[in-house]
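This report looks at charged side-chain pairs and at one helix packing. The structure comes first.

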Amino acid sequence: MISGDKPEGEHTMSNDNWEYPHFEALYTVAEDIYRFSPWEIGIEPFVLMDPEHPEAYVVVVFEESGDGVFYVRLLLGAEGLRAWMVEDSLDENDENFVIEEAVGRYEGLYLEVGFNTDDLNNFEKRLTSGRERIITFRRQRPGYGMASIVDSRDYAHLHRYLRAILQLLTRQMLGDHVNATFSSRLDGHQPRFTAAAFALGESVPEPAEDFVFDRKRMMKAQPMAVDEFTNARVMHLEVGDQIMELFYFYLPSMADKKGRLPRAFFLVDLETGFIEWNDVQMADDDWRENLLRALWDYFFEIGERPERLIFSNLSAYVGMRMDCIRAGIFTEWVPHSYIGKEILESYLSATHLKAHQLFEDHFPKEPY
């Protein structure tokens, strides 16, 4: 959930009717948006900002699947936009399996409104039964599968943005003059996303200064996850001549009761092709610290640190780069893994699994 634990008195799933008032309000606004057919207008992505919390912006993207299913996706903050830019950079016409696409499916951070949605879980079937149009409200957050929105505060959060979108459509403030440009290939030297922005208020959203998300903002490192003393201990190890890639993919078939997906990590020497280290970490709030401590322990054990550490997972790169720098390890991000496909094929062979058992996980989870 976007918000924290339920406060005292918050409705729960034990009351079968609690969600209907919230759903009705959200459904009504979403249906009005659908009547404007924004997908036919060709509206480019734009940004909604709360002037009091400018860092908590939302990028609105209109998408369609080509089979009559339409979506409004609300990308949440830098993490959501960064994941979407990576997703958009992948080649949909690639005949081969794209491992980055399989990983990116669980990296996104967004809320999604679906129209004419075909795959419904039991919760969604119950809410949309007997309605003229099937409209679903779902969320995706890193390390989890897609799930139905159920918390009333999440409904209120989404309702605020849908209402702003409807106001912009009603007043024809979205059109040819609202353009977004970005480098769709993140392997370029200067990936950049520019879009029109609107400031949220008590009434109609007001046009604001254009939103710019360049390489510097996209690659901005997160704060260290490990204490400086531990990182300094790694820095004092001898420097080996290895160039290594740290790669991971998710294991949806091993999700826990809260919907968290484990990550399977592999550290590979790119010169020899050997897997030097591997581990599985749950996708919880402390995954970076848990992973780094386990990886640093391995370096302590062998008595040296690699010369260079390569990431193809952008979220891992920005999340771990500061610790790597403090540990004296040069880091680099590449848009496509050198070893990901081979690692996955070896894993599937060893576990006697098929790729679809891991990655064909489009069906939304019941609320958890």
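Asp 32 and Arg 35 share helix H1, where they sit three residues apart, about one turn of the helix. Their side chains form a salt bridge, with N and O 2.5 Å apart. The model is predicted. Asp 32 is partly exposed, because its relative accessibility is 27%. Arg 35 has 55% relative accessibility, so this residue counts as exposed.

Helix H1 covers residues 20-35 and also holds Glu 31. Glu 31 pairs with Arg 133 in a salt bridge; the closest N and O atoms are 3.6 Å apart. This pair links distant parts of the chain, 102 residues apart. Arg 133 lies in the loop between helix H5 (122-128) and strand S5 (135-140). Where do the two partners stand, buried or exposed? Both Arg 133 and Glu 31 are buried.

Arg 308 and Glu 332 meet through their side chains in a salt bridge of 3.3 Å, N to O. Arg 308 counts as partly exposed because its relative accessibility is 28%. Glu 332, at 27%, is likewise partly exposed.

Across the whole structure, a search finds 15 salt bridges.

| Salt bridge | N to O distance |
|---|---|
| Arg 133 with Glu 31 | 3.6 Å |
| Asp 32 with Arg 35 | 2.5 Å |

Now the helix packing. Helix H8 (residues 228-235) packs with helix H9 (residues 287-302) at an angle of about 35°. Their axes are 10 Å apart. The crossing of H8 past H9 is left-handed. Which residues make the contact? H8 brings Thr 230, Asn 231, Arg 233 and Val 234. H9 brings Arg 293, Trp 296, Phe 299 and Phe 300. By class, the contact of H8 with H9 has four nonpolar residues, two polar and two charged.

Note on methods:
Residues numbered from 1 in each chain as written. Predicted model: local features only at pLDDT ≥ 70, side-chain atom pairs only at ≥ 80, totals over all residues. Heavy atoms only, no water. Axes fitted to C-alpha atoms, helices over the stretch in contact; angles between N-to-C directions. Helix = DSSP H or I, 4+ residues; strand = E, 2+ residues; numbered from the N terminus. Left-handed = near helix turned anticlockwise from the far one by under 90°. Contact = heavy atoms within 4.5 Å. Nonpolar A, V, L, I, M, F, W, Y, C, P; charged D, E, K, R; others polar. Salt bridge = Lys/Arg side-chain N within 4 Å of Asp/Glu carboxyl O. Buried < 20%, exposed > 50% of the residue type's maximum accessible area, 1.4 Å probe, protein only.
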